[in-house]
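This briefing is meant for a reader who is meeting the structure for the first time. Please keep the sequence and the model in view while reading the points that follow.

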Amino acid sequence: MQNIVIKGGARLSGEVRVSGSKNAALPILASSLLCSGRCLYRNVPALGDVRTMQRLLDDLGAEVTTGSAGTTVVDTSTVDNVEAAYDLVKTMRASVVVLGPLTARHGRARVSLPGGCAIGARPIDQHLKGLAAMGAKIELAHGYVTTRARRLHGATIVFDMVTVTGTENLMMAAALADGHTTLENAAREPEVEELARVLNKMGARIRGAGTHLIDIEGVDELHPVEHAIIPDRIEAGTLLVAAAITRGNVLVRDCLPEHLEAVVAKLRAAGAEVTPEDGGLRVRAKAALKPVDISTQPFPGFPTDMQAQFMVLAIRASGQSVITETIFENRFMHVPELQRMGADIQVEGRTVIVRGPCKLTGAQVMATDLRASASLVLAGLVAEGKTEVRRIYHLDRGYDRLDKKLRALGADVRRSKGGL
Ligand code: EPZ
């Protein structure tokens, strides 16, 4: 099992390029199932969840080839299987986004129920409610969901809550349905908007992606596409926080400021200087950081995927910060590990109160989920002495060599097989 060992104290400086977005790449790779032929994707991040999606597409019979410098070609003309097996889905719940495309194009799908994960139960009732409204017969048995539909038809679907992959799944299903579909209370995340861009390039007729109301006019066929994946706004945010907490001076290249407004606003409120430069963002933090209150919200609010990282900034800030997690029911798994490093954090349900500035001391800590592991790496950057983050496969699921990027900015970070 790989670990990451960090020796704290370095001030990050220099420049770093953000990789392609994990949460854009996953549904876009799945959208290749809506057509027959060769789709070429560029700027695909090299990380665990993308490799899992590539394996899943291969399992479904597609021919997946990954080239140099982040290109992936998916040839779906050989797709002959509609079952996403438990072994793959259990490692990546986002596999559920093959449900819509398979049902829409092949008239059936059998996908293992994703089950919960460290951060919550992660149900897919909204995905299934929408597919049923579009005429799919849904069966839940033996831990799988099976869908059948001669041809999906348009429907008006109102989400009970904002769901990113729910919006993506149903937008893809509606693209090939017979008639008009309206998605109300849809997710507005940039990754949803980017998926709609790809689908429209494939011949779909989607309007309103990026707003709460998405209109889709179904078409009979979609064609293969070439597309470059947008930068990962959560990796960019993680790097910005790393620079701010180490009082560094870093240019984060290839990030889209319009995807990071809530994160940048909180960094500025904490006293960091964030300025657009050269198609990216430069962050400087010379003075002591100030406390910030955060409540995670669907886009364009503060992203839940940045909550754990910001908690480390709150630990370093001079004062009390209140952080509320409104999206997932169990996304404070990083708290006990940060407390072991010396953080003063009080948990009250879905809210934590962080009192700073706290001097963190290096320790052996355990990663539990993707963004929790990122926060432990960030804590290691500012802790006194050495921190060993174990079960780092959680980090590698969602980041494209984050340790390499931090090392290039001057951090003392290395991988090890165990032991400080
Ligand atoms: C996406 O997950 C992201 N993953 C998550 O990123 C992100 O945290 C999340 O959106 C919220 O922004 C991908 O895009 C691959 P949701 P998703 O459906 O779509 C409840 C990361 O770290 N819900 O928007 O699975 C659900 O339980 C990952 O990169 C239902 O109740 O999240 C949650 O409380 C983690 N029923 C809330 O809605 C449903 O049918 C939002 O979940 C669907 C969702």
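Does Asp75 count as buried or exposed? In this predicted model, Asp75 has a relative accessibility of 18% and therefore counts as buried, since the cut-off for that class is under 20% relative accessible area.

**The ligand and its shell**

- The ligand is surrounded by 22 residues, and the closest of these are Gln126, Thr163, Thr165, Asp305 and Ile327.
- Sorted by class, the shell around the ligand consists of 9 nonpolar residues, 6 polar residues and 7 charged residues.
- Both domain 1 (2-18 + 231-417) and domain 2 (22-228) contribute residues to this shell, and the ligand therefore lies between the two domains.
- At least two shell residues come from each of the helices α1 (22-31), α5 (125-133), α6 (164-175) and α12 (370-382), and among the contributors it is α5 that gives the most, with 3 residues.

**Polar side chains at the ligand**

- A polar atom in the side chain of Thr163 is found 2.7 Å from an oxygen atom of the ligand, while for Arg371 the distance between a side-chain N or O atom and a ligand oxygen atom is 2.8 Å.
- Arg122 also takes part, with an N or O atom of its side chain placed 3.1 Å from an oxygen atom of the ligand.
- On its own the ligand has 830 Å² of accessible area, and the protein covers 89% of that area.

**An aromatic pair**

- The count of aromatic pairs in the model comes to 1.
- This pair is formed by Phe302 and Phe310, whose ring centres are 5.0 Å apart and whose planes stand at 85°, so the arrangement is edge-to-face, given that planes over 60 degrees apart are placed in that class.
- Both partners can be described by their accessibility as well: Phe302 counts as buried at 5% relative accessibility, and Phe310 is buried with a relative accessible area of 0%.

**Residues in strands**

- Arg282 has its place in strand β17, made up of residues 280-284, and it is buried, with a relative accessible area of 14%.
- The side chain of Arg282 also makes a polar contact with the side chain of Asn249, at a distance of 2.7 Å.
- Ile353 belongs to strand β21, which spans residues 351-356, and it is buried, with a relative accessible area of 12%.

**A residue in a helix that lines the ligand**

- Ser373 has its place in helix α12, one of the helices that supply at least two residues of the shell around the ligand.
- Ser373 is buried, with a relative accessible area of 0%, and its side chain reaches the backbone oxygen of Leu370 at 2.5 Å.

Definitions and conventions: Residues numbered from 1 in each chain as written. Predicted model: local features only at pLDDT ≥ 70, side-chain atom pairs only at ≥ 80, totals over all residues. Heavy atoms only, no water. Near = heavy atom within 4 Å. Polar contact = N/O pair within 3.5 Å; in protein donor to acceptor, adjacent residues only side chain to side chain. Areas by Shrake-Rupley, 256 points an atom, 1.4 Å probe, with all protein chains shown as cover. Helix = DSSP H or I, 4+ residues; strand = E, 2+ residues; numbered from the N terminus. Nonpolar A, V, L, I, M, F, W, Y, C, P; charged D, E, K, R; others polar. Domains from an automatic or database assignment. Phe/Tyr/Trp six-rings, centres within 6.5 Å; stacked < 30°, edge-to-face > 60°. Buried < 20%, exposed > 50% of the residue type's maximum accessible area, 1.4 Å probe, protein only.
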